[in-house]
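Colleague: I am new to this model. Could you pick a single part and take me through it closely, with the surroundings that matter for reading it?

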Amino acid sequence: MRNLKFLGLGFSTVLFLGLAGWWGMARLRPHVFHGMLIQSPQPAPDFTLMTQEGQHLRLSDFRGQVVVLYFGYTFCPDVCPATLAEVARAMRLLGEKAAQVQVMMITVDPERDTPAKLGEYVTHFDPSFLGLSGSQQEIARVATLYGIFYEKHEDGRVDHTATLTVVDRQGAVKLIFPFGTSGEEIAEDLAYLLR
């Protein structure tokens with residue numbers, strides 16, 4: 001009987017140590033990003049654009065927060081609303097940590113996207129989202145700095161790069177999310193950056 005107690009105690013100890021080791025190894029395992037990690041982060045090019053309230057905003061004003069940049073337009077039939085819906089879901093999944101993230105949509109259609117229209121559009125997805133606009137020249141300059149292609153067609157459709165660019169707390173471009181990244185995947189990567 002005594003041997004059975006020692007055997008049970010030994011088994012419990014081995015099981016405990018095995019689980020503790022597994023948990024420790026899981027914590028030491030590096031985070032696997034869903035977005036494309038920029039291995040040698042470069043400072044995010046600063047810019048000044050106008051918010052939906054008509055105020056001038058600089059990207060560098062958000063140093064200390066994680067910023068998610070998206071280039072799109074309010075008349076976009078599918079890609080933009082799908083992307084912003086996933087980002088909004090990521091913000092909900094982040095819970096209280098979402099206060100440390102600022103999402104900005106920069107219009108690629110400044111002729112039609114007035115500040116008021118942009119504001120109504122982006123806040124439909126999340127009240128904290130900012131819509132940014134400027135002159136055609138200002139938008140073209142910022143898009144070029146971030147490697148964003150866009151082209152407006154006669155029918156009003158605008159072809160554009162549909163990625164999300166993540167700028168970390170230090171102001172460096174850290175991640176690029178391709179179109180189709182889920183809200184859960186975005187939230188996991190942002191939570192890791194916010195740890």
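**From the rings to the sheet**

Modeller: Start with R195, whose charged end sits over the ring of Y192, 3.7 Å from the ring centre. A charge counts as over a ring when NZ of Lys or CZ of Arg is within 6 Å of the ring centre and within 35 degrees of the ring normal. The charged end of R112 sits over the ring of F75 too, 4.2 Å from its centre.

Some ground rules. The model is predicted, so local features need pLDDT of at least 70 and side-chain atom pairs count only at pLDDT 80 or more, while totals for chains, interfaces and linings use all residues. Residues are numbered from 1 along each chain as its sequence is written, and side-chain values use heavy atoms, with hydrogens and water left out.

Now ring against ring. Rings of Phe, Tyr and Trp (its six-membered ring) pair if their centres lie within 6.5 Å; planes under 30 degrees apart are stacked, over 60 edge-to-face, and the rest tilted. By this rule there are four aromatic pairs. One of them joins F33 and Y192: it is edge-to-face, at 5.5 Å centre to centre and 85 degrees between the planes. F33 lies in the loop between α1 (2–28) and β1 (36–37), and Y192 in helix α5 (residues 183–194), so the pair ties together parts 159 residues apart in sequence. Helices here are DSSP runs of H or I with at least four residues, strands are runs of E with at least two, and both are numbered from the N terminus.

Are these two residues buried or exposed? F33 is buried, with a relative accessible area of 18%. Y192 is partly exposed, at 27%. Buried means under 20% relative accessible area, exposed over 50%, and partly exposed in between (1.4 Å probe, protein chains only).

Next come F71 and Y146. Their ring centres are 6.3 Å apart and their planes are at 40 degrees, so this pair is tilted. F71 is in strand β4, while Y146 is in the loop between α4 (136–145) and β7 (150–152), 75 residues away. F71 and Y146 are both buried. Ring pairs link F47, F71 and Y146 into a cluster.

Leaving aside neighbours within four places in sequence, it is in contact (heavy atoms within 4.5 Å) with A44, P45, F47, L59, L69, F71, T165 and V173. Y146 is also one of the residues that touch the most other members of the largest nonpolar core, along with F47, V101, M104, I106 and F129. That core has 55 residues, and α2 gives the most to it, with seven. A nonpolar core is a set of buried Ala, Val, Leu, Ile, Met, Phe, Trp, Tyr and Cys residues joined through side-chain atoms within 4.5 Å. In soluble globular proteins, nonpolar side chains tend to be buried together.

Seven of the seven residues of β5 (residues 101–107) are buried, so the strand is largely enclosed by the rest of the structure. In a regular strand the side chains alternate between the two faces of the sheet. Here both faces are covered: V101, V103, M105 and T107 on one side, Q102, M104 and I106 on the other.

What flanks β5? Strand β4 (residues 66–72) runs parallel to β5 and is joined to it by seven bridges. Two strands pair if DSSP finds at least two bridges between them. V67 stands opposite Q102. The chain crosses from β4 through helix α2 (residues 79–94) to β5, and this β-α-β crossover is right-handed. Right-handed means that, with the strands pointing away from the viewer, the path from the first strand over the helix to the second runs clockwise. β5 also pairs with strand β6 (residues 130–132), parallel, over three bridges. There M105 stands opposite G131. β5, helix α3 (residues 115–125) and β6 make another β-α-β unit that is right-handed.

Finally, step back to the sheet. Six strands form an open, mixed sheet in the order β1-β10-β9-β4-β5-β6. β1 and β6 are its edge strands, each pairing on one side only. Strands β9 (residues 164–167) and β10 (residues 173–177) pair in the antiparallel sense over four bridges, with L164 opposite F177. The protein has five helices and ten strands, and 42% of its 195 residues count as buried.
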